[in-house]
Amino acid sequence: MSRRSPVLSLVGMSVVLFATTAFTTPSSTAPARPLPATPPARAAALPAARTTTAPKALVEEAVNIDWRVLAGLDYTNGKSTDTLKKLEGKLVRIPGFVVPLDDFQEEGAEFLLVPYYGACVHTPPPPPNQIVMVEMGGKKAVKLNLFDAVWMSGRLKISSVESPYGTVGYQLEGLKVEPYSSK
């Protein structure tokens with residue numbers, strides 16, 4: 001029967017502790033821990049993507065909103081609710097379905113976001129307050145899949161725009177697209 005060294009057990013526990021704390025966000029009551037400095041020789045060897053800092057927009061917390069909030073825009077006269085006005089220019093996260101601007105487009109940097117599957121595609125489009133024109137930051141192309149719901153994060157602008165599918169009530173500078181989950 002083999003016997004494990006207590007040192008090995010401590011090392012293993014340290015790895016588990018580090019792994020579980022490294023990927024969690026600090027609570028608002030706990031003081032932030034400074035990250036250890038990377039030695040200059042090692043920093044030069046790291047790929048550029050790992051040494052750059054996150055854009056300010058990704059550091060800011062996105063506000064989850066739903067289509068009922070976006071329905072607060074009266075597209076006939078351009079007036080919106082106070083809640084909606086407060087979201088102007090803010091980083092938001094909206095669930096929805098992607099609609100490519102061109103038929104059979106599999107990737108793109110510009111597309112529509114709608115509240116339900118099939119909206120705008122060979123049917124009358126939803127009202128303008130239920131369509132968001134998304135333009136990905138840096139014209140970064142993303143995969144456009146009609147069938148899967150997504151979370152779209154970006155800066156919201158209340159602005160009427162004409163699209164191939166009709167009038168759109170919102171523009172979003174897209175920063176991140178991720179598969180939809182209930183979280």
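**View 1. Strand E7 and its partners.** Four bridges tie E6 to E7, and the two run antiparallel; strands count as paired if DSSP finds at least two bridges between them. Helices (H or I, at least four residues) and strands (E, at least two) are DSSP runs, numbered from the N terminus. This is a predicted model, where local features need pLDDT of at least 70 and side-chain atom pairs count only at pLDDT 80 or more, while totals for chains, interfaces and linings use all residues. Residues are numbered from 1 along each chain as its sequence is written, and side-chain values use heavy atoms, with hydrogens and water left out. Look for Leu-112, which stands opposite Met-133 in E7. E7 also pairs with E10, this time in the parallel sense and over five bridges, with Val-132 standing opposite Tyr-170 in E10. Four of the five residues of E7 are buried, so the strand is largely enclosed by the rest of the structure. Here buried means under 20% relative accessible area, exposed over 50%, and partly exposed in between (1.4 Å probe, protein chains only).

**View 2. The nonpolar cores.** A nonpolar core is a set of buried Ala, Val, Leu, Ile, Met, Phe, Trp, Tyr and Cys residues joined through side-chain atoms within 4.5 Å. The largest one has 22 residues, and those with the most contacts inside it are Leu-70, Ile-94, Phe-111, Leu-113, Val-132, Val-134 and Leu-156. Helix H5 (67-70), helix H6 (82-87), E4, E6, E7, E9 and E10 each put at least two residues into this core. A second, separate core has ten residues, among them Leu-101, Leu-112, Val-114 and Ile-131. Back to Ile-94: not counting residues up to four places away in sequence, Ile-94 touches Ile-65, Trp-67, Leu-70, Leu-113, Val-132, Val-150, Trp-151 and Met-152. Contact means heavy atoms within 4.5 Å.

**View 3. Aromatic pairs.** Rings of Phe, Tyr and Trp (its six-membered ring) pair if their centres lie within 6.5 Å; planes under 30 degrees apart count as stacked, over 60 as edge-to-face and the rest as tilted. By this rule there are three aromatic pairs. Phe-97 and Tyr-117 make an edge-to-face one, at 6.2 Å centre to centre with 70° between the planes. That pair links distant parts of the chain, 20 residues apart: Phe-97 belongs to strand E4 (residues 91-100), and Tyr-117 to the loop between strand E6 (110-114) and strand E7 (132-136). Phe-97 is buried at a relative accessible area of 17%, whereas Tyr-117 is partly exposed at 48%. For Trp-151 and Tyr-180, the ring centres are 5.4 Å apart and the planes sit at 25°, so this pair is stacked. It also links distant parts of the chain, 29 residues apart, with Trp-151 in strand E9 (residues 149-163) and Tyr-180 in the segment after strand E10 (166-179). Trp-151 is buried, with a relative accessible area of 7%; Tyr-180 is partly exposed, with 43%. Ring pairs also join Phe-97, Tyr-117 and Phe-147 into a cluster.

**View 4. Arg-93 and its surroundings.** Arg-93 lies in strand E4 and counts as buried at 14% relative accessibility. Its charged end sits over the ring of Trp-151, 3.9 Å from the ring centre. The rule for that: NZ of Lys or CZ of Arg within 6 Å of the ring centre and within 35 degrees of the ring normal. The side chains of Arg-93 and Glu-178 are joined by a polar contact of 3.2 Å. A polar contact is a pair of N or O atoms within 3.5 Å; within protein, one must be able to donate a hydrogen and the other to accept it, and residues adjacent in sequence count only if both atoms are side-chain atoms.

**View 5. Asn-129 in its loop.** Asn-129 is in the loop between E6 and E7 and, at 8% relative accessibility, counts as buried. A polar atom of its side chain lies 3.3 Å from the backbone oxygen of Ala-71. Leaving aside neighbours within four places in sequence, Asn-129 is in contact with Leu-70, Ala-71, Leu-73, Tyr-75 and Tyr-170.

**View 6. Gly-169 in strand E10.** Gly-169 lies in strand E10 and is buried, with a relative accessible area of 4%. Gly-169 and Lys-157 are twelve residues apart in sequence and 8.9 Å apart in space, C-alpha to C-alpha.
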